[in-house]
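Let us walk through this model together, one piece at a time. Keep the sequence and the 3D view open as you read.

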Amino acid sequence: MEQQEFLCIEPAYLEQFFCDGSKCGGSICCYGWQQILDDAALARYRALEGEDGEKLRRGLVYLPEAENFGFRHKDDHCVFLRADGLCGLQKKYGAQMLTDVCAEYPRKTRLFPHDVVERALCVTCPVAAELILQNDEPLQLVKRQIQSTRSKYFLPSGDAEALVELNFFDWQARGMEILQNQELTLNQRLAMLLQELAKADEHLPWGRDASDVVWEPWPVAKQADFFCRFVRGIEDDTAKTAAYLELVEKVKVQGFWEQAAAQNLLWEKCEGPYGLMLENYLVNEWFKELYPCAVLGTYAYNGLYFVVQWEIWQFLLLLELTAAEKAIDVPRLIRETAGWLASRLNHYTTAQNVLMELLRDK
């Protein structure tokens, strides 16, 4: 595998990250989903000689729906996952034996022209989530030279000339600046973000669509309805989501919170004492997902798409706070709900289309 050098723009926390399956038991990257093999990895596995090679190849399975090979699973986890939560292939052969997806996750890397990349971590990984959310400082970007043999796995950033014309990098930085303005509440920051993105649209090729930016914090009943429709749309039948839906029904019978009471509860339990955790998640998602060009549409529409994710997250936090029968570990709650949201938005293939359709119908 040939090494390539890149100028990497990334959050400073990435320097501290290394995969440690002993902390999570491989509970995310090795459970519940198939790791598809890239061609180079498959060639390495086919070339391995002797008994070790035969044993490795017995752990592969052809997946007709993907028209490619993946790792065999047993009890819903990869057969190479060891009891201590570490990868047996990496432990025996080193990281060079891993597939691209196994080697790179939870990193998400975007490739720009001139060998420039942007890279961040996904909070769906518990180790990454702790680094991102429980950082003592606001998220900061740094520039580093990195080397990689896996650039084929990097995501294309889009049309380079279009990004320059749209002043993408300036607006990416401006969005982060607004989200990190701690003189404002998070709702005030998001409202300011939408207002400035609407102004940006006036000077961009598509012009301004004022209807895209009408947003006031939603009443809890509206959050609940949107959440349930989103879950149905992505066909999420996991146990955790089923528990959320059951709790929604219980709260609905009791009556939803008044908006002022809900915001006070969130401030008292979450945003007041742990506002930096919430902020760092939002800033990380803004940077990682290529906002304000994450979805097709105006900058203002991208902003609205981003803000509605915050509405879903607030609702999850409220549900969990309401369900708690004793003192609750709020940092853990923030990590877990952020992980639930990010996994749906980043790993469910229909999530983007469902969310966009719901926004059009809102």
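The side chains of R110 and E289 meet in a salt bridge, with N and O 3.7 Å apart; the term stands for a side-chain nitrogen of Lys or Arg within 4 Å of a carboxyl oxygen of Asp or Glu. R110 lies in strand β6 (residues 107-112) and E289 in the loop between α12 and α13, so this pair ties together parts that are 179 residues apart in sequence. Buried means under 20% relative accessible area, exposed means over 50%, and partly exposed is what falls in between (1.4 Å probe, protein chains only). The pair also belongs to a network of salt bridges that links K108, R110, E285, K288 and E289.

A word on where these values come from: this is a predicted model, in which local features need pLDDT of at least 70 and side-chain atom pairs count only at pLDDT 80 or more, while totals for chains, interfaces and linings use all residues. Residues are numbered from 1 along each chain as its sequence is written, and side-chain values use heavy atoms, with hydrogens and water left out.

Strand β6 brings us to a sheet. Five strands form an open sheet in the order β8-β1-β7-β6-β9, with mixed pairing. β8 and β9 (155-156) stand at the edges with a single partner strand each, so one side of each has no neighbour in the sheet. Two strands count as paired if DSSP finds at least two bridges between them. β6 and β9 pair in the parallel sense over two bridges, and the bridge partner of L111 in β9 is P156.

Which residues form salt bridges with E10? One is R119, with the closest N and O atoms 2.7 Å apart. R119 lies in strand β7 (residues 116-121) and E10 in strand β1 (residues 4-11), so the pair ties together parts that are 109 residues apart in sequence. Another is R144, where the closest N and O atoms are 2.2 Å apart. That pair links E10 in strand β1 to R144 in strand β8 (residues 141-148), 134 residues apart. Both R119 and E10 are buried, and E10 has a relative accessible area of 2%. Across the model, the count comes to 20 salt bridges.

Now find N284, which has its place in helix α12. Is N284 buried or exposed? At 0% relative accessibility, N284 counts as buried. Leaving aside neighbours within four places in sequence, N284 is in contact (heavy atoms within 4.5 Å) with P11, Y13, A120, L121, I132 and L139. I132 is one of the buried residues of α6, along with V127, A128, A129, L131 and L133. With six of its eight residues buried, helix α6 (residues 126-133) is therefore largely enclosed by the rest of the structure.

From α12 the chain continues into a loop. C293 is found there, between α12 (259-288) and α13 (299-323). C293 touches L163, L166, F168, Y299 and N302, not counting residues up to four places away in sequence. C293 and L163 are 130 residues apart in sequence, yet their C-alpha atoms are 8.6 Å apart in space.

Because 23 of its 25 residues are buried, α13 is largely enclosed by the rest of the structure.

How do α10 and α13 meet, and at what angle do their axes cross? The axes of helix α10 (residues 220-234) and α13 come within 9 Å and cross at roughly 105 degrees. Axes are lines fitted to C-alpha atoms, for helices over the stretch in contact, with angles running from 0 to 180 degrees between N-to-C directions. α10 and α13 are therefore roughly perpendicular to each other, a label for angles of 65 to 115 degrees, whereas under 35 counts as roughly parallel, over 145 as roughly antiparallel and the rest as oblique. On the α10 side, the contact is made by V220, Q223, A224, F226, F227 and F230; on the α13 side, by V308, E311, I312, Q314, F315, L316 and L318.

How values were computed:
Helix = DSSP H or I, 4+ residues; strand = E, 2+ residues; numbered from the N terminus.
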